[in-house]
Amino acid sequence: MIRRAFLALSFAALMPVSAIADGFKPYTPGAIKDALDAGETVLVDYSATWCSTCARQARVIDGLRADDPAYDAAMTFIKVDWDTYARDDVTTSRNIPRRSTLLVLRGDDELGRIVAGTSTGQIKALMDLGL
């Protein structure tokens, strides 16, 4: 019983680390605006932990970033948790239709978006807009 509790607590303690480990900053109110105001290009990932399409998109993004460090040099990556922010202004103001939506933003402009797309070519083309 003690071992099971220890493992559960250990796993829970690592959860925030895994959110950072994938290279995405978890969204907090104002984070996207602050990054854009600082002149950064931002890739926003509206996702849910239970969404298989979101997981596939994350694997593709991770692979592209590993293959080309220019993405990390050029963009800030922010993950918006759909379960928390689906009805929030960060979602509704940009007319985000569903989880598994990816956006690239710079300044006041939306450079591109993908809704539920998982192909490497499609996601790479979106990310290339941010370079």
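Predicted model: local features only at pLDDT ≥ 70, side-chain atom pairs only at ≥ 80, totals over all residues.

Biologist: Strands, then. What does S2 pair with, and how many bridges join them?

Modeller: Strand S2 (residues 41–47) runs parallel to S3, with 7 bridges between them. Two strands pair if DSSP finds at least two bridges between them. Helices (H or I, at least four residues) and strands (E, at least two) are DSSP runs, numbered from the N terminus.

Biologist: And S1, in which sense does that pair with S3?

Modeller: Parallel, over 2 bridges; S1 covers residues 25–26.

Biologist: Which residues stand opposite Ile78?

Modeller: Lys25 stands opposite Ile78 in S3. Val44 stands opposite Ile78 too.

Biologist: How many residues of S3 are buried?

Modeller: 5 of 7, so S3 (residues 75–81) is mostly covered, where buried means under 20% relative accessible area, exposed over 50%, and partly exposed in between (1.4 Å probe, protein chains only).

Biologist: On to packing. How many residues are in the largest nonpolar core?

Modeller: 19 residues. A nonpolar core is a set of buried Ala, Val, Leu, Ile, Met, Phe, Trp, Tyr and Cys residues joined through side-chain atoms within 4.5 Å. Those with the most contacts inside this one are Tyr27, Ile32, Val44, Tyr46, Val80 and Val90.

Biologist: Which elements supply at least two residues of this core?

Modeller: Helix H2 (31–37), S2, S3, helix H5 (82–85) and strand S4 (101–106) each do. H2 gives the most, with 4 residues.

Biologist: What does Tyr27 touch?

Modeller: Leaving out residues up to four places away in sequence, Tyr27 touches Ile32, Ile78, Lys79, Val80, Tyr85 and Val90. Contact means heavy atoms within 4.5 Å.

Biologist: What is in the second core?

Modeller: That separate core has 14 residues, including Val60, Tyr71, Leu102 and Ile123.

Biologist: New topic. How many disulfides does the structure hold?

Modeller: 0. The test is a pair of cysteine sulfur atoms within 2.5 Å.

Biologist: Are Cys51 and Cys54 buried or exposed?

Modeller: Cys51 counts as buried because its relative accessibility is 3%. Cys54, at 4%, counts as buried as well.

Biologist: How many salt bridges are there?

Modeller: The count comes to 5. The rule is a side-chain nitrogen of Lys or Arg within 4 Å of a carboxyl oxygen of Asp or Glu.

Biologist: Which residue forms a salt bridge with Asp45?

Modeller: Lys79, with the closest N and O atoms 3.4 Å apart. The pair links distant parts of the chain: Asp45 sits in strand S2 and Lys79 in strand S3, 34 residues apart. Asp45 is buried because its relative accessible area is 0%.

Biologist: And where do Lys33 and Asp37 lie?

Modeller: Both are in helix H2, 4 residues apart, about one turn of the helix.

Biologist: What about Lys124, which residue is its partner?

Modeller: Asp128, with the closest N and O atoms 2.9 Å apart. Both lie in helix H7 (residues 120–128), 4 residues apart. Lys124 is partly exposed at 36% relative accessibility, and Asp128 is partly exposed at 29%.

Biologist: Where is Arg65?

Modeller: In helix H3 (residues 52–67). Arg65 counts as buried because its relative accessibility is 11%. A 2.6 Å polar contact joins the side chains of Arg65 and Asp72. That term means a pair of N or O atoms within 3.5 Å; within protein, one must be able to donate a hydrogen and the other to accept it, and residues adjacent in sequence count only if both atoms are side-chain atoms.

Biologist: Last one. What is phi of Asn95?

Modeller: Near 55°, a positive value in a residue other than glycine. Asn95 is found in the loop between helix H6 (89–92) and S4. At 62% relative accessibility, Asn95 counts as exposed.

Terms used. Residues numbered from 1 in each chain as written. Heavy atoms only, no water.
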